[in-house]
Amino acid sequence: MSQIGTYFILIFVMMMWGLNVVAIKILIEYFPPILMQSTRIFLGGLLLILFFWWSKNLQKMTKKEWIITISAGVLGVTGHHLFLAIGLLHSTASNAGIILALSPLTTSILGIFFLKDRLTKMRMIGIFLGFGGVVFVILNGNGTLGGISPGDFLIFMAMITQAFSFILIKQNSQSVNPKFMTAIMLTAGAIVMFLCSFFIDSKGVTSVAVPGTKVWIIFFLSGIVATGFGQLLYNMAIQEIGPGQTSVFNNLMPFFTLVGSVLFLKEKILFEQLIGFLFIVVGVVLGTGYVDDYMVRRKGRKTYHNMSG
């Protein structure tokens with residue numbers, strides 16, 4: 001696959017994931033939120049497992065690898081999607097997209113603490129700008145937690161749990177196929193979330209009553225295409241161009257969420273949201289180390305050019 005082709009695939013994945021936030025906002029109006037999340041994610045995980053079984057790429061894992069993978073699933077699937085579904089009951093899809101855009105930057109910060117990644121001045125500036133943008137968006141919401149909307153706070157927690165799961169994934173990525181690990185994470189996390197639905201959802205399976213086929217189409221597209229197929233393509237892109245370049249494309253996800261919120265949910269995009277979004281985009285580009293890596297590569301090319309000249 002060419003680099004340009006990988007870029008187009010990443011843009012397509014970000015479009016799917018951005019619109020998926022809008023889809024979840026629609027689906028929670030018809031289904032118990034946690035039950036809905038667990039079922040659609042289980043479909044995505046099952047799709048990936050069937051793909052590996054069909055291609056004969058099922059992988060054996062050690063006890064430690066299983067523990068890390070299941071833990072990452074509980075955090076990145078159960079925790080993330082549970083907080084997201086409940087949060088969207090009390091927040092807008094546009095706000096959710098903006099807050100979730102902070103995930104690469106948060107992962108970078110956790111990498112500094114847990115993986116001994118290097119902290120530079122550029123990354124410090126990016127961290128400050130990124131979190132400042134999210135705080136700006138959250139504090140302009142309507143809420144009771146000191147000006148913070150309860151829905152926005154839960155979505156922020158969804159982003160945090162996902163970032164922690166990425167750290168665990170990185171610990172396993174040297175020995176376990178990331179795509180296969182994703183399949184196990186989605187399936188295991190969905191099962192745990194399904195069990196949680198019996199205690200959290202106020203209405204059970206009997207409350208599922210969809211008036212037409214449109215919502216079911218959204219449900220299956222969200223689970224199979226956005227979650228299952230989208231995650232598969234994203235992990236393939238990481239293998240092609242590396243996690244650094246791939247993470248930069250995550251900035252496109254909130255853009256597609258904002259567009260989808262206007263087109264399908266008739267939400268109004270506020271000036272404060274746009275300002276916060278711009279701060280987050282700049283913060284992610286700086287804070288994830290992409291600019292530092294680019295400057296190192298550029299300096300290396302100049303040094304090579306001077307030596308060869």
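Which residues have the most contacts inside the largest nonpolar core? In this predicted model, they are Met 14, Leu 88 and Phe 156, within a core of 47 residues. Helix α1 (residues 3-27) supplies the largest share of this core, with 10 residues. Another core, of 22 residues, lies apart from it and includes Ile 41, Leu 48, Val 77 and Ala 85. In soluble globular proteins, nonpolar side chains tend to be buried together.

Of its 309 residues, 50% are buried. The accessible surface of the protein chain amounts to about 15,600 Å², and carbon and sulfur atoms account for 71% of that area. Among contacts between residues at least 6 apart in sequence, 86% join residues at least 24 apart.

The surroundings of two residues were examined further. When residues up to four places away in sequence are not counted, Phe 156 touches Ile 99, Leu 102, Phe 131, Val 134 and Ile 138. Phe 131 is also in contact with Thr 106, a residue of helix α5 (residues 103-114).

Definitions and conventions
Residues are numbered from 1 along each chain as its sequence is written. This is a predicted model: local features need pLDDT of at least 70, side-chain atom pairs count only at pLDDT 80 or more; totals for chains, interfaces and linings use all residues. Side-chain values use heavy atoms; hydrogens and water are left out. A nonpolar core is a set of buried Ala, Val, Leu, Ile, Met, Phe, Trp, Tyr and Cys residues joined through side-chain atoms within 4.5 Å. Buried means under 20% relative accessible area, exposed over 50%, partly exposed in between (1.4 Å probe, protein chains only). Helices (H or I, at least four residues) and strands (E, at least two) are DSSP runs, numbered from the N terminus. Contact means heavy atoms within 4.5 Å. Accessible areas come from the Shrake-Rupley method with a 1.4 Å probe; for residues, only the protein chains shown count as cover.
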